[in-house]
Amino acid sequence: MINKVAKTAAEAVADIFDGATIMISGFGEAGSPIELIHALIDHGAKNLTVVSNNTGNGHIGLAALIENKQVKKMICSFPRTANSIVFPELYRQGEIELELVPQGTLAERIRAGGAGIPAFFTPTSVNTPLAIGKETRIFESKPYVMEFGIKADFALVKCKTADRYGNLLFNKTARNFGPVMCMAAKSAIVQASEIVEIGSIDPEIVVTPGIFVKKVVEITHPVSENQLIRENRRYPW
Amino acid sequence: MVAEIKGWNREQMAQKIAGDIPDGAYVNLGIGLPELVANYIPEGREVIFHTENGLLGVGPSPAKEDEDDELINAGKKPVTTIKGSCFFHHADSFAMIRGGHIDICVLGAFQVSENGDLANWSTGEPGAIPAVGGAMDLVEGVKTIIIFTQHTTKNGEPKIVKECTYPLTGKGVVSHIYTDYAVIDVTDNGMFVREMAPGIDFEFLKSCTEAELKQY
């Protein structure tokens, strides 16, 4: 029998090891798996490389993971957002590494990693500082930059609905990087607001096929990242 | 004392850009000023707005009580959906951009050069945290790049220059520039002034533009 359901967030993240590369879904305050990240803070794995579009907000979720000194390197497209306080401080002190990747290149590198494509050529960043040192080639008389696929040991992803096979549905713009991160991680760990019976998700509307998912955990009322930031909350609470 | 030069205000600039967006266009609006353009699409035109965090069919801002943390635009602001909208993941969203499926993108600028180079992601200052977002993907992939900017910096320095001194977002990518003073087309034969705001003449425009301007 296939049953990917973990009972708790702690159980879901228990296998994460020191030095792991972890993809974390979310764009701004939408779609970040706050409960899974907090479980990872409790768990304590260190020297992590984290792939995520931003660097977390306030002092919760990814920002709290960084603040807790568990992250040695961030791979992201936009590390300084309005509510990003922790990362800029550590970056200026030279305590955390940054690999800056254009957003579409980041999405495609993750997709490629999950699809068995080791590298690809893209027009994005040609003739800019972000292309320096990268191989370029001309196709149809236009220059393109070579970028590598990214694979991860784990992905932490938030979705709306899952079943025990790991089929997933997302919520609005909280979908963002979730589906491609599930593909690119050896072990995708997903928190869902509801876990439903097998067969109750219409196969025509499944967004992420269960084959890409290793574990699902039900978090029925995920916290609102926005609200926690407004209240200036910190994790650990 | 020299009379203060006013030019168009932001709303008028937004209206001018919106007026030049054709019926049926798929449009991505950059963060900040470009977002204003959505308010001025002329009646009777159907324009679909794309936001790179995964929504086609962005509607107007919601009332405060209807805000949804998981329904936001690329500027992380709450939005709504229109009838017929759809959600998708980031790789599909950037396939729309990079694959040439988006017709028009409106962006801000630090500098635009004579041959259409754009600098809008970094001023290259030491100690600044570098951040790029989707700007480089948009300028390479979207068919028409429109720049929505003040004609000069706050200190009166030209933003339309011979060569960009800030790090580039893309080379030769800009098609049109809408400033508070003028509308400028960037062509293979140079920059042509299509229209000037009331009270602005060509000599004045040249005096606050470093790049060479031509008249049709």
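The model is predicted. In chain A, β6, β8 and β7 form an open sheet of three strands in the order β6-β8-β7, with antiparallel pairing.

Student: Which strands of chain A are the edge strands of that sheet?
Tutor: The strand order is β6-β8-β7. An edge strand pairs on one side only. That holds for β6 (119–122) and β7 (136–139) of chain A.

Student: What is the average twist from one strand to the next?
Tutor: The sheet is open, and its pairing is antiparallel. From one strand to the next, the twist averages 40°.

Student: At about what angle to β6(A) does helix α5 of chain A run?
Tutor: Helix α5 spans residues 103–115 of chain A. The helix lies across β6 and β8 of chain A. Relative to β6(A), α5 runs at about 150°.

Student: What covers the buried residues of α2(B)?
Tutor: Those residues are B:His90, B:Ala91, B:Ser93, B:Phe94, B:Ile97 and B:Arg98. They fall within an arc of 155° seen down the axis of α2(B), so they line one face of the helix. Their cover includes α3 of chain B together with α5, β6 and α6 of chain A.

Student: How many residues does each chain give to the contact, and which element of chain B gives the largest share of its side?
Tutor: The contact takes 43 residues from chain A and 32 residues from chain B. On the side of chain B, α2 (90–98) and α3 (135–141) are the elements that give two or more residues.

Student: How many nonpolar residues are on the side of chain B that touches chain A?
Tutor: Chain B brings 32 residues to the contact. By class, nine of them are polar and nine are charged. The nonpolar residues number 14.

Student: Which residues of chain B does A:Lys172 touch?
Tutor: A:Lys172 is in the loop between β10 (168–169) and α6 (178–184) of chain A. This lysine counts as buried because 21 other C-beta atoms lie within 10 Å, and the cut-off is 20 or more. Leaving out residues up to four places away in sequence, A:Lys172 touches B:Asp68, B:Glu70, B:Leu71 and B:Phe87.

Student: Why is α2 of chain A largely enclosed by the rest of the structure?
Tutor: Helix α2(A), residues 34–43, has ten residues. Its buried residues are A:Ile34, A:Glu35, A:Leu36, A:Ile37, A:His38, A:Ala39 and A:Leu40. Their cover includes α1 (9–13), β2 (21–24), α3 (61–67), β9 (152–163), β11 (185–196) and α7 of chain A. The helix is largely enclosed because the buried count is seven of the ten.

Student: Is A:Val223 buried, partly exposed or exposed?
Tutor: A:Val223 sits in the loop between β12 (215–218) and α7 (225–230) of chain A. Beyond four places in sequence, its contacts are A:Ile34 and A:Leu228. A:Val223 has 16 C-beta neighbours inside 10 Å, so it counts as partly exposed.

Student: How far apart are the C-alpha atoms of A:Val223 and A:Glu35?
Tutor: Along the chain, A:Val223 and A:Glu35 are 188 residues apart. Their C-alpha atoms are separated by 7.7 Å.

Student: Which is buried and which is exposed, A:Lys69 or B:Lys76?
Tutor: A:Lys69 has a positive phi of about 60°, and B:Lys76 has a positive phi near 65°. A:Lys69 is in the loop between α3 and β4 (71–76) of chain A, while B:Lys76 is in the loop between β3 (55–59) and β4 (80–87) of chain B. With 12 C-beta neighbours inside 10 Å, A:Lys69 counts as exposed. With 20 inside 10 Å, the buried one is B:Lys76.

Student: Is the peptide bond from A:Tyr235 to A:Pro236 cis or trans?
Tutor: A:Pro236 belongs to the segment after α7 of chain A. Most peptide bonds are trans. From A:Tyr235 to A:Pro236, omega is near 0°, and the bond is cis.

Student: What ipTM and pTM does the model score?
Tutor: Chain B averages a pLDDT of 95, and 98% of its residues score at least 70. For the model, the scores are ipTM 0.97 and pTM 0.97.

Key. Residues numbered from 1 in each chain as written. Chains lettered and ligands numbered in written order. Predicted model: local features only at pLDDT ≥ 70, side-chain atom pairs only at ≥ 80, totals over all residues. Helix = DSSP H or I, 4+ residues; strand = E, 2+ residues; numbered from the N terminus. Contact = placed C-beta atoms within 7 Å. Nonpolar A, V, L, I, M, F, W, Y, C, P; charged D, E, K, R; others polar. pLDDT = per-residue confidence, 0-100. Pairing = 2+ DSSP bridges. Axes fitted to C-alpha atoms, helices over the stretch in contact; angles between N-to-C directions. Arc of directions from axis to C-beta.
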